[in-house]
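Open the model in your viewer and keep the selection tool at hand. We will take a short walk through it, stop by stop.

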Amino acid sequence: MTMTMTNLHDHVGAEVAGVNLSHPVDDTSFADIEQAFYEKSVLVFRGQDLSPDAHIGFSRRFGPLEVHILHQYQLDGHPEVLVLSNKTDAEGKAIGLVDAGRYWHTDVSFTETPSMGSFLYAVEIPPKGGDTLFASQFAAYDALPKEWKSRLGGLKALHGLNKTTAPKFTDAQLALVKGVAHPLIRTHPKTGRRALYGGVFVDKILDVSDTESDDILSFLRKHWAREDFVYRHRWQVGDLVMWDNRSILHHATPFDGQYIRHMHRTTVEGEKPV
Ligand code: SIN
């Protein structure tokens, strides 16, 4: 099988075909996949049949995996796999996170070293809805007017978590999450490209007045997910989609709850944004 890559959008995403992720990928193909991942920010592999071990094995080649703080939604026997699902168990209890990420965000940006990459595998999907949107933050940075590039350069934002952004967290889990400051513009460690680094977890811009913080955030909230930066992924069973949280904001969309949407997610550890 020959591996091919097809762009999905002007700014973001490529579909990789001719790769069977249920077996270890050879080193040459892996190097091409890795390079494309850092450049395109989102890679889509269709028609995969991934066991949790194969999913973990492929993700782990990009770095150590994280174990999500919500222990109740880890896949049995595979704590590295977080279940996103509206299925319930025999007692009617949710077996996964039901409505994860229905806002523009980059994964766990409220931590010192937010996730590098996320790998989401579609086990069961509804006939419509439940798409995931991906906004290129390379493109968002590039499109900033010159005066905004210099206004934002050097500024940091405070990222936090609260009952609105994390309704499933207990008070004890929320108390573990202290706010953290990250640069508003970060440099991708592999490509050297600059990307906006924001999203819903940003509470305020630091070291400016409250009025200026509000002014900057109201501009950025309209800018960072501009339609022309966004690729919409329409899921099929067997899709593995991986995204680079350092250059992407993503947003899950709703679906009719009479249908099942059942996904497995792994995440690779990241570094401190600079
Ligand atoms: C997420 O990881 O934010 C969830 C994405 C999705 O379920 O589409």
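Which strand does Val241 lie in? Select Val241 and you are in strand β14; strands here are DSSP runs of E with at least two residues, helices are runs of H or I with at least four, and both are numbered from the N terminus.

Before going further, a word on the ground rules. This is a predicted model, in which local features need pLDDT of at least 70 and side-chain atom pairs count only at pLDDT 80 or more, while totals for chains, interfaces and linings use all residues. Residues are numbered from 1 along each chain as its sequence is written, and side-chain values use heavy atoms, with hydrogens and water left out.

**Stop 1: Val241**

Stay on Val241, which is buried at 0% relative accessible area (buried means under 20%, exposed over 50%, partly exposed in between, with a 1.4 Å probe and protein chains only). Now show its contacts, meaning heavy atoms within 4.5 Å. Apart from neighbours within four places in sequence, Val241 is in contact with Val42, Leu43, Val44, Ser118, Phe119, Leu120, Phe134, His233 and Trp235. Then draw a C-alpha to C-alpha distance from Val241 to Met5: 14 Å in space, for 236 residues in sequence.

**Stop 2: helix α2**

Next, select residues 52–60, which form helix α2. Its buried residues are Ala54, His55, Ile56, Phe58 and Ser59. What covers them? The cover of the buried residues of α2 includes α1 (27–40), β3 (42–45), β5 (78–85), β6 (117–124), β14 (240–244) and β16 (262–268).

**Stop 3: Thr132**

Move to strand β7, residues 132–136, where you will find Thr132. Is Thr132 buried or exposed? Its relative accessible area is 3%, so Thr132 is buried. Show side chains here: that of Thr132 makes a polar contact with the side chain of Trp235 at 2.8 Å. A polar contact is a pair of N or O atoms within 3.5 Å; within protein, one must be able to donate a hydrogen and the other to accept it, and residues adjacent in sequence count only if both atoms are side-chain atoms. Beyond four places in sequence, Thr132 is in contact with Tyr231, Arg232, His233, Trp235, His250, His251 and Arg261.

**Stop 4: Ala252**

Strand β15 covers residues 248–252, and Ala252 lies in it. Ala252 has a relative accessible area of 10%, so it counts as buried. Not counting residues up to four places away in sequence, Ala252 touches Ala100, Gly101, Arg102 and Asp131.

**Stop 5: His159**

Now select strand β8, residues 156–159, and pick out His159. His159 is buried, at 0% relative accessibility. Its side chain makes a polar contact with the side chain of Ser109 at 2.9 Å. Leaving aside neighbours within four places, the contacts of His159 include Phe110, Lys178, His182, Tyr197, Phe201 and Asp203.

**Stop 6: the whole chain**

Finally, zoom out. The C-alpha atoms fill a box of roughly 50 × 45 × 35 Å along the principal axes. Of the 274 residues, 52% count as buried. Among contacts between residues at least 6 apart in sequence, 80% join residues at least 24 apart.
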